[in-house]
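Subject: Structure handover, with notes on what was found

Dear colleague,

Please keep it open beside you while you read.

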Amino acid sequence: MRAYELIKETFCRKIYILIIHLSWLSLYGGFWWLFLPMGNEFGQFIFIWGGFFLALALSAGIFGDDISSGRICVLVTKPFWPGELYIYRLLGLSLQAAVHFILAWCVIFILHTFIRQGSMNGLVLWLFASWLLFNTCAALSTSLSVVVGRAYNALLLLIVIITGFVVVGTMMAYLKQHSETEALLVSYFRFVCPPFEMLYKFAGGEYGKYSLTVGRFSLAKSVACVVHSLILTVVYSIVGIVLLSRRQFSSRRD
Amino acid sequence: MRKMIDNDNKQTAVIECKQLTKVYKGLLTGRSKAVCALKNISLSVSKGQIIGLIGPNGAGKSTFLNLMAGLIFPTEGCLTVCGSPARSVEARCGLGYMPEHPSFLGRYSARAVLRYHGALLGLSRKTISLQADKSIEQLQMEEFIDRPCSDFSQGMKQRLALAIALMNDPQVLLLDEPSNGLDPVGIIRLRDVLKKLRDSGTAIVISSHRLGELEKLTSDYIFLYRGEVVSLGDRIVTGQAGRLRVELVSNGNDIAEKLLSPSKILGVSDTELEIAVNDPEEVPDIVSNLAKGGARITGVLLQRENIEDIFLRLYNERN
């Protein structure tokens, strides 16, 4: 009952959540209809919109709204471990995303059936990679929401990630002559930050060039990518759970 | 005044705090320096008691309530609720908390909110349904039970928040300004519900500025002033102290000077004396002494000090 209500709440808490899902699905359909993309192009589009922007939109204020309104004060006086609140809410987001990506596949399948152009090759893998990226970004955003009021968690994460990409891109260009430092930085960003590059290459099949392959994909590296992104999701979640358990709350509203 | 930590009550104490101190540190809170919100508070609350938590703004009432609810950590000292440390799952099992400004998911109806909180409490569907029906009847929620919370008035929110706090039949009920926004009928209903809970053994702590309302519920108060319980270790009990007005034919000033100690005299004129009384049992002796001393008394009226008088007296003494 508790799990069900907390999972349901992630979908029912705001009317805009349904609007976001519908808008995103329309966006996928519109992109397909207008550009008739081939497999990877559409996959990349869905990877960014579904894996990253959707995670930010759905997790905006997931705890921050409760903290700002003072609602959290009643929730944390209930007799259960606060980690449950976090876990079931993140699970709620993850389930929403899973259903969202299944619906996205259905939309594209219907359009593909009618238009009979474009390619759906590799789409399932892109959707799976998008779901993994979604989970990681949602965990990061949810953890941030425990300490940042209202819906600023999503905005803050968006700014930090965009700034991060610009700064890292500039640094990499500068560090071309210092290959050791570049390698160190690349591995740091790859293993600690949200796995954009890793999952992008995983879905695109680029890792298949380097080791044993299943079709065009590297089985070992693909499994490693999936496991690594799941570990990151867990690590970001643990940080959020610890913050939620240690945080003090005020019944005063913003 | 009555001794606060009553040994007889220790057996049934559901809230106990010892040397409780709370300091808000300046870091990350926007404050320029640390603020001591509560200082060395030691007290206990027993089953079946209603305690009024009173004091001026900034006295530490909300901090104390938040500590009992487990929303914040004490800096020093210990606090147990229902025999377990505050904020532990065991303590929260027997706790009901109603915040000053309740807030709900706007899209949920009152019934859905009750179902949601019942599920968080781990209650079965059947129990949730029974508790919801009980609350609907007790708190007059029939008219808005299926309306979305975004349409609610302050009074409706208060009633729903109280219903949520009562869902697990708590041993300890913490209420922050519970009568905010309630209409007179709602206030009477609230009073009846709280009295029934008290009779069934629930300890209730109410933080409120509505002293008149509190007085109808309880005669036990904790007066907080700048983070300290005034007269540490003692509880204020109304209905004891008061002022005695004695009407005389004449010579009020001479009689007061001759027969009364200056500390007892609250007011004096030629035809009227106002005398401080600590206990109503003192009245016959005072009147008898005045008569023996030659006062020609035409009327006597004992005005007992209510909580508002006590509040003002304590407040003025400290300013």
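In this predicted model, helix 8 of chain B, which covers residues 252–259, lies across strand 13, strand 14 and strand 15 (272–277) of chain B, and runs at about 160° to strand 14 of chain B. Helix 9 of chain B, residues 283–292, also packs on the sheet, where it touches strand 13, strand 15 and strand 16 of chain B, and its direction makes about 155° with that of strand 16 of chain B.

The sheet itself is open and has four strands, which follow the order 14-15-13-16 in chain B with antiparallel pairing.

Chain B is assigned two domains, domain 1 (2–237) and domain 2 (242–317), and their centres, taken over C-alpha atoms, are separated by 39 Å. Where they meet, nine residues of domain 1 of chain B are in contact with seven residues of domain 2 of chain B. On the domain 1 side of this contact, helix 7 (211–215) and strand 10 (220–225) of chain B each supply at least two residues, and helix 7 of chain B gives the most, with three residues. By class, that side of domain 1 of chain B has eight nonpolar, no polar and one charged residues.

Leaving aside residues up to four places away in sequence, B:Met98 touches B:Ala161, B:Leu162, B:Ala165, B:Leu174, B:Leu175, B:Asp176 and B:Pro178.

Turning to chain A, the axes of helix 2 (residues 16–35) and helix 6 (residues 82–115) of chain A come within 10 Å and cross at roughly 30°, and the crossing is right-handed. Among the residues that meet there are A:His21, A:Tyr28 and A:Trp32 in helix 2 of chain A, and A:His100, A:Val107 and A:Leu111 in helix 6 of chain A. The residues of this contact divide into nine nonpolar, three polar and no charged. Elsewhere in chain A, helix 10 (residues 196–204) has buried residues that include A:Phe196, A:Leu199 and A:Phe202, and just after helix 10 of chain A, A:Gly205 takes a positive phi of about 80°.

Finally, the two chains also touch, with 23 residues of chain A in contact with 25 residues of chain B. On the chain A side, helix 1 (2–12) and helix 5 (72–75) of chain A each supply at least two residues, and the residues of that side divide into 11 nonpolar, six polar and six charged.

With best wishes

Definitions and conventions:
Residues numbered from 1 in each chain as written. Chains lettered and ligands numbered in written order. Predicted model: local features only at pLDDT ≥ 70, side-chain atom pairs only at ≥ 80, totals over all residues. Domains from an automatic or database assignment. Nonpolar A, V, L, I, M, F, W, Y, C, P; charged D, E, K, R; others polar. Pairing = 2+ DSSP bridges. Axes fitted to C-alpha atoms, helices over the stretch in contact; angles between N-to-C directions. Buried ≥ 20, exposed ≤ 12 C-beta atoms within 10 Å, placed from the backbone. Left-handed = near helix turned anticlockwise from the far one by under 90°.
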